[in-house]
Amino acid sequence: MKKIGIIHGIAVLTILLAPLGAREPLRSLDDLLVIEQKTEALAANVMPATVALISEDTGASGSGVITSEDGLILTAAHVTDGAEEVQVVFPDGKQTMATVLGSNYSKDIGMAQIKEDGPWPFAKLGESKPLKAGDWVAAMGHSEGYDPNRTPPLRFGRVVSDGPGNFLTTDCTLIGGDSGGPLFDLDGKVVGINSSIGQGLDNNNHAGIDGFREDWKRLIAGESWGELQLNPLANSERPVIGIMMGRELRDGGVPVEQVTPGSPAATAGVRPGDVIRSVNGDRVVGGRSLVLLLAKLSAGDKVTIGIQRARKLIEVEMELVSRDQLFKP
């Protein structure tokens with residue numbers, strides 16, 4: 001993966017070519033017109049709050065979104081990394097300065113605060129955890145940096161997957177300069193922040209807005225922590241149960257080769273030789289399946305793990321911990 005980049009304009013026409021969304025199916029021309037009207041209203045309402053961020057300290061640039069009348073900006077941690085303040089450029093060319101606040105690099109989320117008094121245009125916050133594959137969304141950002149000859153393009157698409165961890169994936173086309181820009185639901189509420197491109201321009205990772213809520217006080221206070229990883233699965237805050245996996249079996253499941261002392265698995269009584277068959281009722285096909293199922297949860301969540309022990313199927317409950325919590329020095 002690589003940091004984000006540009007695009008082409010509003011792509012409402014792509015609705016006609018894309019498969020129908022699982023959460024809001026389009027059955028008629030009237031349905032298409034409703035979606036188009038929502039998208040046009042969305043663009044008009046949120047564009048004034050979608051800003052370009054430029055750092056003279058690092059030479060980096062990206063995007064952000066204002067989420068309060070007094071000028072609180074949400075962006076990606078890698079956009080403001082190494083900067084104490086950033087220049088804020090609005091779509092109409094107006095400029096001001098903002099102080100960089102805190103960042104959680106593991107989630108690639110960060111904040112900045114405009115220095116001048118408001119009121120400033122802002123977008124309301126939505127929720128990211130309820131999003132599912134097929135939900136309609138729209139991404140915005142100052143592709144390839146601020147351009148006085150055009151407004152920030154809006155890209156229409158769908159949620160591809162909810163996870164891993166705080167991240168979600170969409171097919172909204174993005175490229176460089178879009179990093180830190182907002183992802184909206186069709187009500188115009190911020191549900192994510194553009195983070196990185198996956199396997200292609202139409203497979204992109206966004207930091208979910210609920211991850212900001214979890215760290216809100218620390219970010220506002222100016223704390224910075226975590227480690228920026230290009231692979232969301234390498235996030236040090238992702239939840240684990242504390243086992244070493246054995247070789248995959250033909251009939252699915254994950255053999256437990258070792259159990260980490262003091263881990264959730266150890267506390268729940270998991271033993272070497274057990275085979276993990278399910279997580280909260282969802283079948284575990286193999287090692288990657290187990291990792292992805294756990295990555296969609298959070299440290300502190302209680303889960304039910306289905307285990308095969310000899311010829312007996314049993315269930316154990318455990319509370320997940322983060323990877324860095326389990327393996328901290």
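Which residue forms a salt bridge with R155? Select D178: R155 and D178 form that salt bridge, with the closest N and O atoms 3.0 Å apart. A salt bridge here is a side-chain nitrogen of Lys or Arg within 4 Å of a carboxyl oxygen of Asp or Glu. The pair links distant parts of the chain, with R155 in strand β9 and D178 in the loop between β10 (167-170) and β11, 23 residues apart. R155 counts as buried at 3% relative accessibility, and D178 counts as buried at 0%. Buried means under 20% relative accessible area, exposed over 50%, and partly exposed in between, using a 1.4 Å probe and protein chains only.

Before moving on, some housekeeping. This is a predicted model, in which local features need pLDDT of at least 70 and side-chain atom pairs count only at pLDDT 80 or more, while totals for chains, interfaces and linings use all residues. Residues are numbered from 1 along each chain as its sequence is written, and side-chain values use heavy atoms, with hydrogens and water left out. Helices (H or I, at least four residues) and strands (E, at least two) are DSSP runs, numbered from the N terminus.

Stay on β9 and pick R158. Its side chain meets that of D171 in a salt bridge (3.1 Å, N to O). D171 sits in the loop between β10 and β11 and R158 in strand β9, so this pair ties together parts that are 13 residues apart in sequence.

Now colour strand β8 (residues 136-140). Five of its five residues are buried, so β8 is largely enclosed by the rest of the structure. Look along the strand: W136, A138 and M140 point one way, V137 and A139 the other. Next, bring up the partners of β8; two strands pair if DSSP finds at least two bridges between them. Strand β9 (residues 154-161) runs antiparallel to β8 and is joined to it by five bridges, and there F156 is the bridge partner of A138. Strand β11 (residues 182-184) also pairs with β8 in the antiparallel sense, over two bridges. In β11, look for L183, the bridge partner of A139.

Back to charges: the structure holds 11 salt bridges. E85 is in strand β5 (residues 85-89) and K115 in the loop between β7 (109-114) and β8, 30 residues apart. Are these two buried or partly exposed? E85 counts as partly exposed at 31% relative accessibility, and K115 does too at 47%. Then select K107, K129, E214 and D215 together, as they are linked in a network of salt bridges.

Show α3 (209-220) and β10, which each supply at least two residues of the lining. With five residues, α3 gives the most.

Last stop: T67, in the loop between β3 (61-66) and β4 (72-75). T67 is buried, with a relative accessible area of 12%.
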